[in-house]
Amino acid sequence: MNLEEKLLETLSFFSPMTLEQIYLDFDEDFLLENSNYTYDDLIECLSSLEKNGKIESTGKDKSKTWIRIYPKKSFLSRMLGYLK
């Protein structure tokens, strides 16, 4: 599992998480297997996910938090759901 997948698994849809909370929610096994990841890798991955529209950030610098964005359904899938 790569860092991006782990971040998406860890981040909540309901409450924003600080960087410390994200790090504490990582599994011990994941951290031991991927001990080469740095703080910069984590920040870079979070900004990449934010640019892709998968997460959203609030606050600034030290009080910054991230929350996962619930994926929106396409128009076609909403119409098919309505017809069922």
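Biologist: Is Lys6 buried or exposed?

Modeller: Lys6 is buried, because its relative accessible area is 3% (buried means under 20%, exposed over 50%, partly exposed in between, using a 1.4 Å probe and protein chains only). Keep in mind that this is a predicted model, where local features need pLDDT of at least 70 and side-chain atom pairs count only at pLDDT 80 or more, while totals for chains, interfaces and linings use all residues. Residues are numbered from 1 along each chain as its sequence is written, and side-chain values use heavy atoms, leaving out hydrogens and water.

Biologist: Which side chains does Lys6 meet in salt bridges?

Modeller: Lys6 is linked with Glu9 and Asp27 in a network of salt bridges (a side-chain nitrogen of Lys or Arg within 4 Å of a carboxyl oxygen of Asp or Glu). From N to O, the Lys6 to Glu9 bridge spans 3.1 Å, and the Lys6 to Asp27 bridge spans 2.8 Å.

Biologist: Where do Lys6 and Asp27 sit?

Modeller: Lys6 is in helix H1, while Asp27 is in the loop between helix H2 (19-25) and helix H3 (28-33), so their pairing ties together parts 21 residues apart in sequence. Helices here are DSSP runs of H or I with at least four residues, strands are runs of E with at least two, and both are numbered from the N terminus.

Biologist: And Glu9, where's that relative to Lys6?

Modeller: Both lie in helix H1 (residues 3-10), 3 residues apart, which is about one turn of the helix. Glu9 is partly exposed at 47% relative accessible area, and Asp27 is partly exposed too, at 40%.

Biologist: How many salt bridges does the structure hold?

Modeller: It holds 2 salt bridges.

Biologist: New topic: what order do the strands take in the sheet?

Modeller: The sheet is open, with 3 strands in the order S1-S3-S2 and antiparallel pairing (two strands pair if DSSP finds at least two bridges between them). Strands S1 (17-18) and S2 (55-58) are the edge strands, each pairing on one side only.

Biologist: How many bridges join S2 to S3?

Modeller: There are 4 bridges between S2 and strand S3 (residues 65-68). Thr58 stands opposite Thr65 in S3.

Biologist: Last one: which helix is Leu83 in, and is Leu83 buried or exposed?

Modeller: Leu83 is in helix H5 (residues 75-83). Leu83 counts as exposed because its relative accessibility is 64%.
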